[in-house]
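Please consult the sequence and the structure while reading.

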Amino acid sequence: KVHLTRFVSIRPQKRAEGGRVIVEVDDKVAKVRNIKVDSRLDSNWDSRERTVAFSFDYCYWSVDPEDPKYASQEMVFQDLGTSVLSGAFRGYNICLLAYGQTGSGKTYTMMGTPASIGLTPRICEGLFSRKDDYSDQMASCRVKVSFLEIYNERVRDLLKQSDRKKPYTLRVREHPETGPYVQGLTQHLVTDYKQVVKLLEDGIAKRITAATHIHNASSRSHAIFTIHYTQAILENNLPSEIASKINLVDLAGSERADPSYCKDRITEGANINKSLVTLGIVISTLAQNSQMFSSCQSINSLASEGESSHVESPPSGGSSGSRRPAYIPYRDSILTWLLKDSLGGNSKTIMIATISPASSSYNETMSTLRYAANAKNIINKPRVNEDANVKLIRELREEIDRLKNMLMSFELRNSSPSWSDDKDGNLTELVLQNEMKVCMIYLVLYLLLH
C-alpha cells in the first residue's frame, strides 16, 4: 500500500493578472500570504495567520529563471518522470495527474513547448531508450498509445479520423477484472519516439480550446494520454510477460462562471466544474476511508496487545470498529469513473498541483493547494501486472523447493521412524502434486503457443 504522491509547481506571473507575488517556496513547503488579513488596516486582532503553509513531497519554483531556486522542465522530469519510468519498468500501473486553475500551467507541465519539452514526451522518450537496451538481451517490449478527451461529459477519440459535421462519442464500460475502459477507443502500436510525438501533436491539435480571461487558448476538456507498455522477458528459462498502463492526465482548469460568456461557454464551465467537484468528493471520501481504516487497525492492535497481556480491554462504546467505509461516487462523472483504478486502486498515482503566484488568483491558489493537501491520505494498492500462468509456476516452484527442504530435514533427523514415515509420505505427496501442476501448466502453455 502506498500513499498518493503530491507535487506543486508555481508558474511565472502573467502581465494580465496584476497584483503582487504572494507565494513562496521553502524546500518542500509552499507558503501563501493571506491577503484577506493583509488587507485589513488593523489585523492584530485577527486570529487568522498572515501566512498559510502547505507541505508536499516536492515544490517547484518556476517563477523567475534567474532565481537560484528556479525549477526547469528537466528538473521536474528527473523527480517525477524517472519515478514514472521506474514503476512502469517493474510492471506497475502509473497515473500522473495535473490539476489547477485555468492558465496555471498544466498543459505546459504535461506537454511543454518545442523549446521546453514537457513530461509526456520525455516519459515516452525514456520508454524507447529502454526499448533500445533490449536489442542485445533475451527480451522485447511493445508500446501502444491512445489519446482521448472528455468534453461536456462525453468521450472523444483524439487519434481517430472523423467528420467534424458528425460528432461521435464513445461509451465507458467496466470490466469486472480490468476495471473501466472506453469501448471503441483506438490503440496505436508505435515503434519509435517520432511516431509518439506525431500522434501527440495530432491529438493536441484536435483538443477543444477557447479564450478565457487568463489564457487565450485554454483547454476546455480533460485529456488522458495512455501508454500500454508490455515487456516480454525470459526468466528462469520461462517466458514471462509484465504489463503496465501509464495514464498521463491533463485536466481542464477550474474557473468561475462569468455572465458575460455565451451559453455554450457557461455549459462548458459547468461540466468542467462538475467533474472537478466530483473528483474532489472522491479524493475526500478516499482520504476519509483511509483514515478510518488506519484508526480501526490501531484499535485492533491495541485490543490484541491487551488480550496478550491478559488485561481486559474496555468495550468500544463508539462505532469506529463497526463503521462501514463511505460510498465513493466514481460514476458521478466520466473522469472519476475512468480514473477509478488510479484513485485508491491498482496504481501508483502522482498529483501535480499547478498554481499562479499572483494575488489576483488567491482564492483559486488556496483551493488548489487544499485540494492537493487533502489527497495525501489516499492509499493505493498497486501490484505488479504479470502473466498469471508464469506467476503460478513460480509460486509452485517455490512451494516445491520449500517442501523438498522440509523433506530433507525430516530424513536427516529420522529420530522417530513411525512418525517420520507418515510425515515423509505426506510431504512427498505434496511435492508430487505440485510438480504435476507445473507439468500441466507447461503443457497448456505449449498447446497455446503452438
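The buried residues of helix α2 are Gln73, Val76, Phe77, Leu80, Gly81, Val84, Leu85, Gly87, Ala88 and Phe89, where buried means under 20% relative accessible area, exposed over 50% and partly exposed in between (1.4 Å probe, protein chains only). This is a predicted model, in which local features need pLDDT of at least 70, side-chain atom pairs count only at pLDDT 80 or more, and totals for chains, interfaces and linings use all residues. Residues are numbered from 1 along each chain as its sequence is written, and side-chain values use heavy atoms, with hydrogens and water left out.

**Helix α2**
- Helices (H or I, at least four residues) and strands (E, at least two) are DSSP runs, numbered from the N terminus.
- The end C-alpha atoms of α2 (residues 73–89) lie 22 Å apart, which agrees with the 24 Å that its 17 residues should span at 1.5 Å a residue, the expected span being 1.5 Å times one less than the number of residues.
- A kink of about 35 degrees is centred on Asp79 in α2; the bend at a residue is the angle between axes fitted to the seven residues ending there and the seven starting there.
- Gly91, which follows α2, has a positive phi, near 95 degrees.

**Helix α8**
- The 13 residues of α8 (residues 362–374) reach 18 Å from first C-alpha to last, close to the 18 Å expected at 1.5 Å a residue.
- Among the buried residues of α8 are Tyr362, Met366, Leu369 and Tyr371.

**Sheet β3-β4-β5**
- Three strands form an open, antiparallel sheet in the order β3-β4-β5; two strands pair if DSSP finds at least two bridges between them.
- β3 (23–26) and β5 (51–55) are at the edges with a single partner strand each, so one side of each has no neighbour in the sheet.
- β3 and β4 (residues 29–33) pair in the antiparallel sense over four bridges, and Lys31 in β4 is the bridge partner of Glu24.
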